[in-house]
Amino acid sequence: MRRLAWVLALVLLLSACGSDDREGRGRIFRFVQENQEMLERCVRESDYAEIGGPVREVLVREDHVEFVCGGAGFGPETAYRGFFYTETDDVYAIWCAPPRGAFAETEGAWTWREPDGDNRCYVEHICGHFYYYDASF
């Protein structure tokens with residue numbers, strides 16, 4: 001019986017490591033576009049209590065506010081999605097951005113892939129000062 005309990009605990013732990021709770025790009029875009037005024041008010045007033053939807057966590061940084069919309073994987077095989085607000089429209093403000101100048105820009109989107117590696121970051125303008133991000137490591 002004890003062995004069975006350990007096996008079940010191990011199975012549950014390993015299945016949790018592989019879970020993926022990332023929201024889709026479309027849902028994130030719709031949420032920001034439909035709630036832009038409310039989100040701007042939350043940023044202005046530093047009050048994020050009314051935010052729901054795809055947002056799991058709000059992280060207030062010096063130069064931007066990050067709205068985390070889920071993650072997947074474990075250890076060196078992780079991926080994250082969300083959006084961020086930057087008053088200065090600095091796409092390099094988000095934590096997953098490469099060194100300045102490394103993004104390749106095409107029509108409102110910025111992409112970066114680590115040379116000879118699997119790290120990547122994608123940023124896309126949503127509306128106003130809001131930007132979507134998708135990163136994997």
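I began with Glu23, whose side chain makes a polar contact of 2.9 Å with the side chain of Arg27. For a polar contact I took a pair of N or O atoms within 3.5 Å; within protein, one must be able to donate a hydrogen and the other to accept it, and residues adjacent in sequence count only if both atoms are side-chain atoms.

A note on the source: this is a predicted model, where local features need pLDDT of at least 70, side-chain atom pairs count only at pLDDT 80 or more, and totals for chains, interfaces and linings use all residues. Residues are numbered from 1 along each chain as its sequence is written, and side-chain values use heavy atoms, with hydrogens and water left out.

**Glu23, continued.** I found Glu23 in the loop between α1 (2–17) and α2; helices (H or I, at least four residues) and strands (E, at least two) are DSSP runs, numbered from the N terminus. Is Glu23 buried or exposed? Glu23 counts as buried at 16% relative accessibility, where buried means under 20% relative accessible area, exposed over 50% and partly exposed in between (1.4 Å probe, protein chains only). Leaving aside residues up to four places away in sequence, Glu23 touches Ile28, Pro54, Arg56, Cys69 and Arg81, with contact meaning heavy atoms within 4.5 Å.

**Asp90.** Next I looked up Asp90, in the loop between β3 and β4 (104–106). Asp90 also counts as buried, at 16% relative accessibility. Its side chain joins that of Arg100 in a polar contact of 2.5 Å. Beyond four places in sequence, Asp90 touches Phe84 and Arg100.

**Helix α2.** Which residues of α2 are buried? I noted Ile28, Phe29, Phe31 and Val32. Seen down the axis of α2, the buried residues fall within an arc of 165 degrees, so they line one face of the helix; the arc is that of the directions from the helix axis to the C-beta atoms. These buried residues pack against α3, β2, β3, β6 and β7.

**Cores.** The largest nonpolar core has 20 residues, of which Leu39, Ile51, Phe67 and Phe83 touch the most other members. Such a core is a set of buried Ala, Val, Leu, Ile, Met, Phe, Trp, Tyr and Cys residues joined through side-chain atoms within 4.5 Å. Apart from this core lies another, of 16 residues, including Trp110 and Val123.

**Cysteines.** I counted zero disulfides, taking a disulfide as a pair of cysteine sulfur atoms within 2.5 Å. For Cys121, the nearest cysteine sulfur is that of Cys96, 3.1 Å away. Cys121 is buried, with a relative accessible area of 1%.
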